[in-house]
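I opened my notebook to look up a few things in this structure. Here is the entry, one topic at a time.

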Amino acid sequence: MKRKAKHPAVTSPTHSPPAPLAVRLFGEMELAVGGSPCTGLRSKARWLLALLLLRRGRPIERALLAAQLWPDSLESRGLYNMRRELTALRRALGEQAARLQGTQGRIGFDVGGCWIDALEFDDRVASPAADDLARAVELYRGPLLEGCLEEWALPLRDDRQTACIDALERLVDHDCERSDLAAADRRLQALVALDPLNESAHRRRIRLLADRHEFAAAVQAFRELRLLLHRQLGVEPDPETVALYERIRATARRRSQSRTSAVGASLALPSRQLPTPLTSLVGRRAQLAELRRVIAHHRLVTLTGPPGVGKTRLALQAAAEFDEDFPDGVAFVQLAPLTDGIQLIDTLASALGLRGAPGMSTATATRQFLSSRRMLLVFDNCEHLPAAAPMVQELLASQSTLVILTTSRQSLGLPGETIVQVPPLALPDPESRAKELDAASRSAALRLFVERTALACAGFELDENTIGPAIEICRRLEGIPLCLELAAARARALSVAEILERLDAVMQGPGSRGGRPQQRHLTFHAALDWSHDNLSPPEQTLLRRLAMFAGSWSLGAVESVCRGDEFEATDVIALVDALIDNSMVQREEPEPGQSRYRLLEPVRQYARSRLVAAREEGSMRARHLAHFSELAQAAAPHLFGGGQDNSWPRLLSLDLDNLRLALRASEADPELAAEVVRLGTALQWYWFANGHIHEGRQYLADGLASATDLTDRERARALIALAYLAYWDGDTETMDTPLVESLAIHERLGDRWGVGYAGSVLAYVRGTRPAASATAEMAAAVAAARDSGDRTLISIAVWWQGMLQQHRGDLAAARRSFEEVLATIREQRHATGIGHALYPLARLALADGDLDTARRLFDESVSLLGGVGNEWGVLAAVTGLVEVAAARRDHLTVARLLGALEAGRERIGGGLTESEIDRQRRLVADARNAMDETTFEAHWETGRTMSWQDIVRDAHGEPEQSA
């Protein structure tokens with residue numbers, strides 16, 4: 001950012017008429033008195049003036065000032081030289097010379113009413129406002145006191161340069177939030193011009209250019225960086241930068257070849273959405289820069305620190321900003337909602353966006369997905385889950401390209417772990433007073449407190465009356481961010497001085513400044529006690545009951561679970577609002593217009609201790625389970641059958657953490673096992689549709705093993721659900737036991753519905769084994785289903801009949817069965833059922849050589865299942881389309897669809913059987929032999945970016961729709 005061009009005479013840009021004294025310290029020092037340039041001063045006189053100006057009027061010892069300016073001279077000689085330069089300076093200042101003030105061996109300079117660019121710069125960079133930051137960058141026309149080689153000037157110069165870099169980075173963040181990528185690019189160009197060897201800034205600009213689809217410019221920016229590093233340092237760019245460059249090149253190639261539609265979700269990569277904080281991160285730029293440097297060289301990094309210090313917030317910001325450093329992205333795994341390690345692999349899979357596939361465990365799907373991926377995994381709140389450390393160690397050992405960032409109150413104790421302490425925010429100088437407002441506000445702790453106080457009390461500003469109490473609050477709370485936010489929330493009802501007064505009563509005197517972790521724990525809990533005690537009794541009751549929830553929760557769930565004699569359900573919204581006002585509850589919007597709420601983990605632990613102390617944990621656990629069991633049972637008809645509503649799976653997924661917690665309720669209270677089984681049974685089709693098959697099966701099996709007060713009908717239907725989950729989990733060997741018991745119970749009850757349901761599945765399982773027929777058993781089951789009159793059940797029973805007929809080679813009978821199923825389900829307008837019913841009919845058409853019919857049925861299956869998000873069903877139908885294209889020797893389509901299949905399997909974590917691997921190997925070989933390697937790779941890469949709509953159009957040879 002250094003500029004050699006001459007500037008006009010320096011005047012104040014913010015005063016009219018011009019300031020009596022205006023000084024530019026950035027670049028070559030320039031001085032104007034009364035609007036007229038002042039020239040002819042010797043260097044030492046200019047440096048003397050600069051030193052005094054930068055002190056903002058604070059006097060300095062003459063001897064100390066002389067020692068800084070003439071460090072190699074005797075003290076007497078230095079003082080003589082200084083008197084001489086002061087005389088010259090007074091002459092140059094003319095009518096402004098009286099600003100030089102000397103008393104009792106000290107000297108100062110009154111800057112009141114003057115304009116000094118460096119002082120305005122310091123004020124502006126301390127502000128969070130984008131306009132102020134932009135003005136600060138504008139003021140920085142070059143290094144502070146350019147040309148001054150004095151030793152004392154170097155740290156001052158470096159500090160301002162660092163501040164300008166920080167301002168530019170914050171402006172880039174602001175521009176990106178407003179989607180003004182052109183402005184962000186201009187800032188980044190200024191940043192790399194100011195700090196040419198800042199590879200992180202170069203990398204961010206390269207990524208931004210790619211986001212703007214300026215791939216040629218991004219590639220050129222990388223090449224310029226590589227040349228710069230080679231010339232200046234003799235090194236190559238970091239591996240992260242090289243990986244980004246390679247990814248951009250690959251993306252550019254795919255885009256040039258792609259026929260991808262702008263409509264529909266791509267099957268290429270899982271969706272991994274990070275939680276979005278609603279407030280800004282304050283005072284962590286240095287820690288982020290250090291963390292980025294550490295992560296670049298270490299595969300396991302742990303953020304440690306006391307509760308409330310901001311480990312999770314820093315990790316979230318790192319995940320958001322470091323995404324560009326990892327070609328395969330980042331994933332944030334929240335461990336706080338978990339109660340044991342059994343849930344850990346499923347939680348990791350969910351964070352990765354994996355759906356899973358029938359016949360494959362979640363662990364296997366996750367390992368396959370992570371294999372050879374360059375990703376950053378963030379595990380948050382590891383201290384609550386001892387099983388986290390072994391999993392982290394296993395992942396690092398088995399996946400050499402992973403980098404893992406964890407947060408914990410203590411280290412994980414693993415080999416190769418690098419510890420990064422997260423300190424409290426920097427405290428303001430206790431001697432700061434009103435005239436030093438700007439200097440004090442550069443303290444990160446004070447900035448955070450002021451920002452949050454302004455949110456609680458509109459119009460709040462730091463002034464001569466509030467700065468003293470605000471500084472003391474920051475110091476009492478030792479710069480712990482969550483404590484500061486809790487204190488700031490009180491500004492709705494109290495002045496800053498009153499907040500301090502009440503805080504002092506709780507803290508019993510000034511907090512320790514020793515930085516001892518145990519003292520910070522005491523400070524944190526004292527702040528929570530204080531905030532809790534300031535709540536009304538109903539608010540206190542609601543807060544402790546909210547600790548029963550895991551992850552986030554809806555207002556309706558709170559109204560159902562937490563109401564009681566203390567308050568009605570209708571009071572809940574006002575109480576939640578009060579807890580939000582007091583920074584005890586966080587609101588978030590996972591989707592526009594949809595509010596959900598959560599407790600920060602330290603607050604949840606505190607509230608849980610209050611819940612236990614109030615002896616309400618047992619009753620809240622039962623009510624929590626009852627609510628989510630009712631929710632799942634209400635959803636069940638919409639997950640399968642004529643009443644299908646596609647919004648229900650999404651709603652259940654939002655409460656997945658709470659569903660998992662409810663399913664483990666019987667571990668603490670065995671009397672809840674029956675309700676756990678009801679919940680697990682109701683979730684049968686949710687587990688199936690969302691790929692949590694193995695997990696759901698385990699929950700249901702555990703519940704059935706301990707439930708003693710289920711009705712016979714409830715147990716029988718739960719056993720059918722367990723058998724179904726085993727089938728989808730690829731385990732047909734153990735299905736007999738639950739099915740036999742279920743069938744016996746339904747026969748004893750005379751329940752034709754249950755006989756038809758359990759009997760048809762059992763007949764299929766037995767009939768597919770060697771030397772077995774089960775024809776009579778299947779006929780009896782189908783007859784029982786027809787007797788029940790339930791059209792959904794009839795479809796299920798006839799489906800299994802068709803599957804058995806197909807297995808035995810009676811294809812004509814199988815076709816009749818599947819056609820009956822399809823006709824019945826079409827009447828019910830059940831998209832998922834229709835999509836699955838089409839698949840076996842398409843397979844039969846393919847076996848008969850009727851390629852047009854097979855393609856049409858596979859197409860419809862893809863469209864329907866893609867529309868309801870059933871991704872593994874889509875991939876099964878795409879496999880059929882591949883075979884149709886291969887039979888027609890349409891090798892270009894084969895290559896594209898194989899690429900789509902590969903990307904889709906990566907997305908859901910699904911693998912291939914040995915026979916499927918052999919079949920795919922033959923298809924790939926045939927397609928490669930039919931075209932040159934470049935053409936094959938181009939079509940394969942195009943397929944990897946295809947949506948399910950593209951797949952259907954591709955199968956028909958339809959042109960791509962314009963965006």
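I start with a definition: contact means heavy atoms within 4.5 Å. Leaving aside neighbours within four places in sequence, I found Ile473 in contact with Phe449, Leu484, Ala487, Val496, Ile499, Leu500 and Leu503.

A note on the source: this is a predicted model, where local features need pLDDT of at least 70 and side-chain atom pairs count only at pLDDT 80 or more, while totals for chains, interfaces and linings use all residues. Residues are numbered from 1 along each chain as its sequence is written, and side-chain values use heavy atoms, with hydrogens and water left out.

**Cores**

I needed two terms here. Buried means under 20% relative accessible area, exposed over 50%, and partly exposed in between (1.4 Å probe, protein chains only). A nonpolar core is a set of buried Ala, Val, Leu, Ile, Met, Phe, Trp, Tyr and Cys residues joined through side-chain atoms within 4.5 Å.

The largest nonpolar core has 171 residues, and Ile473 is among those with the most contacts inside it, as are Leu542, Leu546, Phe549, Leu683 and Tyr724. Helix α33 gives this core its largest share, 11 residues. Another core lies apart from it, with 65 residues, including Leu53, Leu100, Ile116 and Ile165.

For helix and strand names I noted that helices (H or I, at least four residues) and strands (E, at least two) are DSSP runs, numbered from the N terminus.

**Aromatic rings**

Rings of Phe, Tyr and Trp (its six-membered ring) pair if their centres lie within 6.5 Å; planes under 30 degrees apart count as stacked, over 60 as edge-to-face and the rest as tilted. How many aromatic pairs does the structure hold? I read off 21.

One of them is Tyr727 with Trp800, edge-to-face, at 5.1 Å centre to centre and 80° between the planes. Tyr727 lies in helix α33 (residues 712–728) and Trp800 in helix α37 (residues 791–808), so this pair ties together parts that are 73 residues apart in sequence. Is Trp800 buried or exposed? Trp800 counts as buried because its relative accessibility is 3%, whereas Tyr727, at 23%, counts as partly exposed.

Trp800 has another partner: the ring centres of Tyr764 and Trp800 are 5.0 Å apart and the planes are at 45°, so that pair is tilted. Tyr764 lies in helix α35 (residues 752–767) and Trp800 in helix α37, so parts 36 residues apart in sequence are tied together. I also saw that Tyr764 is buried.

**Strands**

Two strands pair if DSSP finds at least two bridges between them. Strand β6 (residues 106–109) pairs in the antiparallel sense with strand β4 (residues 60–61) over 2 bridges, and with strand β5 (residues 100–103) over 4 bridges, again antiparallel. Glu61 stands opposite Arg106, and Leu100 has Phe109 as its bridge partner. The hairpin of β5 and β6 has 2 residues between the strands, and there Gln104 takes a positive phi near 45°.

**Glu883**

I found Glu883 in helix α41 (residues 871–887). Glu883 is buried, with a relative accessible area of 18%. Beyond four places in sequence, Glu883 touches Arg843, Leu846 and Arg919.
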